Amino acid sequence: MKRMRRDNLIERTAAILGNNEGASLVLVSILAILVLLSVVILRLATTTFMASANRQLSQDQAYELAASLGTSIDELIDEGRFDLDSVKEYRQIYPEKETDPSKVKWKNISNIPNAKVKACILVKTDVKILEVTAIVGKAQYVYTKEYAS
Amino acid sequence: MKLIPKTKALLLANKAESMAEVLVAFMVLTIILELFAQGMKFAFTAENYAIDRTRDSDKAMKAMLDTAISNSDGASSTTLSDNEPLDGQPGMLKLKLYTVIPDGGGDYCVYAVFDAN
């Protein structure tokens, strides 16, 4: 057999293939790489699938938080207990009154991990928008309702 | 030499098939097939878990809504606060917590729901 450098992998592999030596091992190695690759892909896909299923509860929790706060505020506006006309520019109304848009305050829900909610009124030229944002873990739900100025 | 005839010739020739080589190849194949079997098992477990989890979440959401609307006993409710402020005015909102325990056990599903006071 032709003498060659031990550290040259490509040359060695080519020589093995050329001489028919270790052919089944090479074929099995290629097969192993393919199967391992498919296992990795399978693992990634199922992990994503599980994460998506886990996120459903958070999405439901975020939806309930935002939608219930939004409809409650809407009810208070309809009943005239919250005067929307008095809002002339951006205003955060829940959990605290705040007129500076850069100072966002959140209400943390202690019984649900990583859950927080806030509500604010955005003032546009001819509409006022009630915007309620709820975040639970990685899930976020934004409830909006427009009111004519 | 082209690749396909070369591979064919390689496979037909018996020169390369020493006992050690076949044994090692067999071991490598066994290991990767075991890995693949484990991967498939994990995938089926994950699928069942995802189906159960989604069904539990849907059931819990329905039980919570039934309790909130018609006071059925599908979920237990506690008032977290009935003095939540709105625009600086206290006592405008109340915050209730609904807890649903899935039928087959598992994690509690907890929902926080606001209501006008």
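Me: In the hairpin of β4(A) and β5(A), which residue takes a positive phi?

Reply: Start with the general idea. Helices (H or I, at least four residues) and strands (E, at least two) are DSSP runs, numbered from the N terminus, and two strands pair if DSSP finds at least two bridges between them. In this hairpin, two residues sit between the strands, and A:G137 has the positive phi, near 60 degrees.

Me: Before we go on, how should I read the numbering and the source of the model?

Reply: Residues count from 1 along each chain as its sequence is written, while chains are lettered from A and ligands numbered from 1 in the order in which they are written. This is a predicted model, where local features need pLDDT of at least 70, side-chain atom pairs count only at pLDDT 80 or more, and totals for chains, interfaces and linings use all residues.

Me: How many bridges join β4(A) to β5(A)?

Reply: Ten bridges join β4(A) to strand β5 (residues 139–148) of chain A, and the two run antiparallel. For one example, look at A:L130, whose bridge partner in β5(A) is A:K145.

Me: Which strand of chain A pairs with β4(A) over nine bridges?

Reply: That is β3 (residues 115–123), antiparallel to β4 (residues 127–136) of chain A. A:A115 has A:V136 as its bridge partner in β4(A). Three residues form the hairpin link from β3(A) to β4(A). As a general idea, side chains in a regular strand alternate between the two faces of the sheet.

Me: What is the radius of gyration of chain A, and what would a compact globule have?

Reply: The radius is taken over C-alpha atoms, and the globule rule is 2.2 Å times the number of residues to the power 0.38. For 149 residues a compact globule would be near 15 Å, but chain A has 30 Å. Along the principal axes, its C-alpha atoms fill a box of roughly 95 × 30 × 25 Å.

Me: What percentage of chain A counts as buried?

Reply: A residue is buried if 20 or more other C-beta atoms, placed from the backbone, lie within 10 Å of its own, exposed if 12 or fewer, and partly exposed in between. By that rule, 28% of the 149 residues of chain A are buried, and in chain B the share is 23% of 117 residues.

Me: Which strands form the open sheet in chain B?

Reply: The order is β1-β2-β3, with antiparallel pairing. At the edges are β1 (76–86) and β3 (109–116), each pairing on one side only. From one strand to the next, the twist averages 25 degrees; axes are lines fitted to C-alpha atoms, for helices over the stretch in contact, with angles from 0 to 180 degrees between N-to-C directions.

Me: How many residues of each chain are in contact with the other chain?

Reply: Contact means that two C-beta atoms, placed from the backbone, lie within 7 Å. Here 39 residues of chain A touch 38 residues of chain B. On the chain A side, α2(A) gives the largest share, 27 residues. This helix lies across β1, β2 and β3 of chain B, at about 10 degrees to β3(B).

Me: What pLDDT does chain B average?

Reply: pLDDT is the predictor's confidence in each residue, from 0 to 100. Chain B averages 82, and 87% of its residues score at least 70. Where pLDDT is low, the predicted coordinates should not be read in detail. For the complex, the predictor gives an ipTM of 0.71 and a pTM of 0.72.
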